[in-house]
Amino acid sequence: MTLAHPTPPGAAAQPDHPVLRVRALRKAFGEHEVLSGIDLDVRRSQTVCVIGPSGSGKTTFLRCVNYLTPPDGGEVFLDGERVGPLPGESLHSRGVQERLNRTRMRMGMVFQRFNLFPHMTAMQNVSEGPRTVLGLPREEADARAIQQLDRVGLRDMVERYPGQLSGGQQQRVAIARALAMEPRLMLFDEATSALDPELVGEVLTVMRELADDGMTMVVVTHEMEFAREAAQEVVFMDQGLIVERSAPNMMFEQPTDPRTRTFLRRILEPMRSRRDG
């Protein structure tokens, strides 16, 4: 697929163009095919939650979207601009790498682990990208960092080091770090899975606020209530395929595929039992 008039880097997508367009994305590790041809469109201000069993390809999908893991086939477009090499180009060529770096600056990603620099304060962790990658003056980068830390509820902790923060606070710093690059798209890979249960809520609250503010997001999550409340669309993946996709009320109340029904029954029934108990 070729888009005749790709959007210039950093420009807003046209109303009829999705912010993220994925077509026939494939990835295999050896003989194991992890992604078997994924198609997905995500439009501006839309939150799409991706659910599914472990090993279904959810994390690999996110990593292939921004080429942290180069896919074996298919196409990814951000704002109409192709991510990765054009046909016949080498991924490792200088021009492709420069183009890929520019594209990644417009995709924020939050991982399971926080990956903060332990010798830097929260403010320094957040301002490092705008200063070194975007070339902002230190004063402007620090002001942006404080603004984003305030956005995630950590205005009073800008001078603390990661070791002085809880896991939930560290993950919120990681979210602020991604937001400080002013991305067009945010990717969340199980952002709460490494947290103690009592800290999950504070991170999900920030993510809900981002969704309410109109941030375009793709969220791989096992938090079903978050998916039900925050998403406009829920995607169920299994064995490297998108099995089913629909609005949250349809996905959780009337799933059509037997695999989806089995997965949700296994996840939701224990949750209901604990709530009713």
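How much accessible surface does the protein chain have, and what share of it belongs to carbon and sulfur atoms? The accessible surface comes to about 13,200 Å², of which 48% belongs to carbon and sulfur atoms. The structure is a predicted model. Its protein chain holds nine helices and ten strands.

**The chain as a whole**

- A compact globule of 277 residues would have a radius of gyration near 19 Å, and the protein chain agrees with this expectation because its own value is 19 Å.
- The C-alpha trace spans about 55 × 55 × 40 Å along its principal axes.
- Of the 277 residues in the protein chain, 53% are buried.
- Among contacts in the protein chain with a separation of 6 or more, 65% are made by residues 24 or more positions apart.

- Strand S1 covers residues 20-29 and strand S2 covers residues 32-42; the two pair in the antiparallel sense over eight bridges.
- Two of the residue pairs can be named: Ala28 has Glu33 in S2 as its bridge partner, and Phe29 is partnered by His32 in S2.
- The hairpin of S1 and S2 has two residues between the strands, and in this hairpin Gly30 takes a positive phi near 65 degrees.
- S1 also runs antiparallel to strand S4 (residues 73-78), to which five bridges join it.
- In S4, Glu75 is the bridge partner of Arg23.

**Helix H4: length and faces**

- The buried residues of H4 are Ala141, Asp142, Arg144, Ala145, Gln148 and Leu149.
- Viewed down the axis of H4, these buried residues fall within an arc of 160 degrees, and therefore they line one face of the helix.
- An α-helix has 3.6 residues a turn, so residues three or four places apart point the same way.
- Glu139 and Gln147 are exposed, and they are carried on the face of H4 turned away from its buried side.
- After H4 comes Gly153, which has a positive phi near 80 degrees.

- In H3, the buried residues are Ala122, Met123, Asn125, Val126, Ser127, Gly129 and Pro130.
- The cover over the buried residues of H3 includes H4 and H5.
- Which residues does Ala141 contact, leaving aside its neighbours within four places in sequence? Ala141 is in contact with Ser127, Pro130, Arg131 and Leu136.
- Ala141 lies in helix H4 and has a relative accessibility of 0%, so Ala141 counts as buried.
- Val83 is 58 residues from Ala141 along the chain, and the C-alpha atoms of the two residues are separated by 27 Å.

**Thr121, in a loop**

- Thr121 is placed in the loop between strand S6 (107-110) and H3.
- Is Thr121 buried or exposed? Thr121 counts as buried because its relative accessibility is 3%, where the cut-off for burial is under 20%.
- With its neighbours within four places in sequence left aside, Thr121 is in contact with Val158, Glu159, Arg160 and Tyr161.

- Not counting residues up to four places away in sequence, Gln169 touches Leu154, Met157 and Glu202.

How values were computed
Residues are numbered from 1 along each chain as its sequence is written. This is a predicted model: local features need pLDDT of at least 70, side-chain atom pairs count only at pLDDT 80 or more; totals for chains, interfaces and linings use all residues. Side-chain values use heavy atoms; hydrogens and water are left out. Buried means under 20% relative accessible area, exposed over 50%, partly exposed in between (1.4 Å probe, protein chains only). Helices (H or I, at least four residues) and strands (E, at least two) are DSSP runs, numbered from the N terminus. The arc is that of the directions from the helix axis to the C-beta atoms. Contact means heavy atoms within 4.5 Å. The radius of gyration is taken over C-alpha atoms; the globule rule is 2.2 Å times the number of residues to the power 0.38. Accessible areas come from the Shrake-Rupley method with a 1.4 Å probe; for residues, only the protein chains shown count as cover. Two strands pair if DSSP finds at least two bridges between them.
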